[in-house]
Amino acid sequence: MLGLELSVFLTYAGAILMIFLLGKIFLWPLKIVGKLILSSLLGGALILLLNVIGGFFGLLLIPLNLITALVAGILGIPGVILLLLLFLL
């Protein structure tokens, strides 16, 4: 009887391990998408802040859309500088 109980235990342990592994595999792309969304929101906020500050001085405003937010979010401050140069030239 001990062999049967051990095989049931090992089957359950293997199934739980497979569930954890599959969960980790499927969760990994969601983390990347989440980080991309968060960085895009921060990039959009940086562009918005730059537009507010630039509006007081009469400087050119960067349009706030999905593409400019993604560029600012992915590239960070160099992305915002790149957008400034792009819209100034």
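This is a predicted model: local features need pLDDT of at least 70, side-chain atom pairs count only at pLDDT 80 or more; totals for chains, interfaces and linings use all residues.
The secondary structure of the protein consists of 3 helices and 0 strands, and the elements follow one another along the sequence in the pattern α-α-α. The radius of gyration is 25 Å, whereas the globule rule gives 12 Å for 89 residues, so the protein is more spread out than a compact globule. In keeping with this topic, the span of the C-alpha trace along its principal axes is about 85 × 20 × 15 Å. Of the 89 residues, 16% count as buried, and the accessible surface of the protein amounts to about 7200 Å², with 85% of that area belonging to carbon and sulfur atoms. When contacts between residues at least 6 apart in sequence are considered, 49% of them join residues at least 24 apart.

Two packed helices are described by the angle between their axes and the distance between the axes. For helix α2, which covers residues 66–75, and helix α3, which covers residues 77–88, the axes come within 5 Å and cross at roughly 140°. That angle makes α2 oblique to α3, because only angles over 145 degrees count as roughly antiparallel. On the α2 side, the contact is formed by Thr-68, Val-71, Ala-72 and Leu-75, which meet Ile-77, Pro-78, Gly-79, Val-80, Leu-82, Leu-83 and Phe-87 in α3. Sorted by class, the residues in this contact comprise 9 nonpolar and 2 polar ones, with no charged residues.

How values were computed. Residues are numbered from 1 along each chain as its sequence is written. Side-chain values use heavy atoms; hydrogens and water are left out. Axes are lines fitted to C-alpha atoms, for helices over the stretch in contact, and angles run from 0 to 180 degrees between N-to-C directions. Helices (H or I, at least four residues) and strands (E, at least two) are DSSP runs, numbered from the N terminus. Angles under 35 degrees count as roughly parallel, over 145 as roughly antiparallel, 65 to 115 as roughly perpendicular and the rest as oblique. Contact means heavy atoms within 4.5 Å. Ala, Val, Leu, Ile, Met, Phe, Trp, Tyr, Cys and Pro count as nonpolar, Asp, Glu, Lys and Arg as charged, and the others, Gly among them, as polar. The radius of gyration is taken over C-alpha atoms; the globule rule is 2.2 Å times the number of residues to the power 0.38. Buried means under 20% relative accessible area, exposed over 50%, partly exposed in between (1.4 Å probe, protein chains only). Accessible areas come from the Shrake-Rupley method with a 1.4 Å probe; for residues, only the protein chains shown count as cover.
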